[in-house]
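I opened the notebook to write down what I could look up here, one topic at a time.

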Amino acid sequence: MTIIEETSSVPTPRQGDSDTTPLLEVRDLHVEFHTRDGVAKAVNGVNYSVASGETLAVLGESGSGKSVTAQAIMGILDMPPGSIPQGQILYRGQDMLTMSYEERRKIRGRKIAMIFQDALSSLNPVLSVGYQLGEMYRVHEGLSRKAAKTKAIELMERVNIPAAKARVNDYPHQFSGGMRQRIMIAMALALEPDLIIADEPTTALDVTVQAQVMDLLADLQSEFNMGLILITHDLGVVADVADKIAVMYAGRIVETAPVHELYKRPAHPYTRGLLDSIPRLDQKGQELYAIKGLPPNLLKIPAGCAFNPRCPRAQDICRTDVPVLEPVTEQDGTELPGRGSACHFWKETIHG
Amino acid sequence: MPDVIKTKTDATTDAIAPPAAGAPETAAEGHKSQGRPRSLWGDAWYDLRHRPMFWISSVLLLFLIIVAAFPGLFTSVDPRDGDLTNHFLTKPELGSFFQPDWFGYDGQGRSIYARVVYGTRASILVGVGVTAAVTLLGGLLGMLAGYFGGWLDSVISRITDIFFGIPFLLGAMVVLNAFTERKVYVVIFALAFLGWTSICRVMRSSVITAKQADYVTAARALGAGTRRILFRHVLPNAMAPTIVVATIALGGYISAEATLSFLGLGLADPTISWGIDIAQGSKDIRDNPHALFFPAGMLSLTVFAFIMLGDAVRDALDPKLR
């Protein structure tokens, strides 16, 4: 399992804890869903780690297993039909999958919090936002109703909600989309957790509000020195905020790299295809590149490399052998720290 | 390539940040004029206040409840006091309001007006008592079945099916036959014992819907325990259909009590109930319809008031049904 060491030794551009164990480490995680049509393998051996103060962006299209991995970390996977046949999720070196329900519950919210994609449906419509924010303090810290409300107002001010005092008793539907997402962020931040998982936090928002929300998230992250796992399919969002990127395809990590390295020189044909699909100003009038084909059916993932039916570089070996995540090096053999690619032809992709 | 992305996102961030700070403030100002924040229940109450149906039924019910609680305020006559020599089946004196002879006298020389007044208590008690019991029992079982699912759901749902299969009145007769005493609480028990199933099913299905909502997952992801999720996040969002079904069913329980009493299986003398009076009045319907008409009319009015209230509540809580 050279992969593990490879991914966990990625240098952190933002300085985190001097602690050698990473904040969160996912090891060889597998997640399956047992459906009537067979076993859907949503996650097939994912490895990644996050340190304090670091931002890991998990990139991938719908169905690549990025959200399922996050749900497995949070322990909110629906089991059944889901199951975790193998793998470890280590929080500060402790395997969360072997913990009791109560132990895990104490970590949720207090140590690891999650920001959801759709803020409207993730807020309870019958409770005021002040109540829901204050709930964090009442449940986890046993504060009184009044003290919790004061804290809730502070939180709302911290995420830049104007007139927080006047709006604390409002209900979720009375807020705009961006404001609601701020409330979700405030809720996740309430107990100053070590790690925040943001599952496509900006997907439901328009582009202008997206930028504000991402900025807010980045500010708060550096203020509290939190780890952040940013799950997204938006390459533009990632470029600004992330330190390192893990690209997922069909439940596997196909490439890892520090953020700018990835944009400069992708080492996997899938990543290259994604980058080529971004509309660019200098290509005005030309047809936009698209990766051919569709993501694989998780019930029958192609043999060999899962990407082979869509890959422009596919050879016979790609249809038989599953490529492992290998360290990527310069042409002369110099190591590129933190880089890895699960492609038989990574050399040709990055250097050719 | 990275430059393109970088400059693009930077541009958006810079261009957008300043107006964004101002924009929400206008929203906040607009909000102030709007007054109190509106919750689901707040909205429902607002809606209710603007429905004449709600006010008519509420006033009617309030009046009936006062009658039930303090029958002595409305008549000074003992409803059990029969005077066969002077009042045997005397016709009603419709002009003498609130007097013992207002509705006439029955076949035992008792004031029908006094009996109607005193009979209110039994009906209201049975209606409210059965509804409360049914809502508690059915609601709790339905909530547990819906939230936990699995074998618990299977067991509770099968028990519900079994009880649902028992004909309501027939079952109530069998239960009531087991008791020698025919007091109000016995009737409440018999009706509640068989009536909880529909509430249980309604609650189960709405809990299943509510528990799948994202905010429940979010609450779990933020470390909320099962009890908190159940009572704070699932229940308030699943309660509305149950309340509607319970309010509408209330009228049905009152008429079920009257039916049982009419058949001689529910309440029995000396308890005063409209159902008993209807049974007695129906024996001489051709010559003395008043002995039947007044208790039956009161029963209809009460059931009508409850059903009207239930309708208004349903419309207020579920705008989609309008």
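I looked up the record for chain A: the unreviewed UniProt entry places "domain: ABC transporter" on residues 24-275 of chain A. I then took the secondary structure over residues 24-275 of chain A and got 40% helix and 26% strand. The end C-alpha atoms of that span are 28 Å apart.

**Confidence.** I noted that this is a predicted model. Chain A has a mean pLDDT of 83, and 94% of its residues reach 70 or more.

**Overall form of chain A.** I counted 14 helices and 13 strands in chain A. Its C-alpha atoms fill a box of roughly 65 × 50 × 45 Å along the principal axes. I compared the radius of gyration with the rule for a compact globule: for 352 residues the rule gives near 20 Å, and chain A has 21 Å, which agrees. Of the 352 residues of chain A, 51% count as buried. Among the contacts in chain A with a separation of 6 or more, 65% are between residues 24 or more positions apart.

**The sheet.** In what order do the 8 strands of the open sheet in chain A stand? I read the order as 7-8-9-3-10-11-13-12, with mixed pairing. Strand 7 (112-115) and strand 12 (326-329) of chain A are at the edges with a single partner strand each, so one side of each has no neighbour in the sheet. From one strand to the next, the twist averages 25°.

I checked some pairs in turn. Strand 8 (residues 195-199) and strand 9 (residues 227-232) of chain A are parallel and share 5 bridges; A:Ala198 stands opposite A:Leu230 there. Strand 10 and strand 11 of chain A run antiparallel and are joined by 6 bridges, with A:Val247 opposite A:Glu255. Their hairpin has 2 residues between the strands, and A:Ala250 takes a positive phi near 50° in this hairpin. Strand 11 of chain A also pairs with strand 13 (residues 335-341) of chain A, antiparallel over 2 bridges. In that pairing I found A:Thr256 opposite A:Gly340. Strand 11 of chain A is mostly covered, with 7 of its 7 residues buried.

**Helices on the sheet.** Helix 2 (residues 66-74) of chain A lies across strands 3, 7, 8, 9 and 10 of chain A, at about 145° to strand 8. Helix 8 (residues 177-189) of chain A lies across strand 7 and strand 8, at about 175° to strand 7.

**Helix 12.** I listed the buried residues of helix 12 (residues 269-276) of chain A: A:Pro269, A:Tyr270, A:Thr271, A:Arg272 and A:Leu274. They pack against helices 10, 11 and 14 and against strands 10 and 11 of chain A.

The unreviewed UniProt entry marks "transmembrane region" on several spans of chain B, including residues 185-203 and 292-313. Residues 185-203 of chain B are 100% helix, with end C-alpha atoms 25 Å apart. Residues 292-313 of chain B are also 100% helix, and there the ends are 32 Å apart.

Methods. Residues are numbered from 1 along each chain as its sequence is written. Chains are lettered from A and ligands numbered from 1 in the order in which they are written. This is a predicted model: local features need pLDDT of at least 70, side-chain atom pairs count only at pLDDT 80 or more; totals for chains, interfaces and linings use all residues. UniProt positions are given in the numbering used here, feature names are shortened, and annotations may be inferred rather than shown by experiment. Helices (H or I, at least four residues) and strands (E, at least two) are DSSP runs, numbered from the N terminus. pLDDT is the predictor's confidence in each residue, from 0 to 100. The radius of gyration is taken over C-alpha atoms; the globule rule is 2.2 Å times the number of residues to the power 0.38. A residue is buried if 20 or more other C-beta atoms lie within 10 Å of its own, exposed if 12 or fewer, and partly exposed in between; C-beta atoms are placed from the backbone. Two residues are in contact if their C-beta atoms, placed from the backbone, lie within 7 Å. Two strands pair if DSSP finds at least two bridges between them. Axes are lines fitted to C-alpha atoms, for helices over the stretch in contact, and angles run from 0 to 180 degrees between N-to-C directions.
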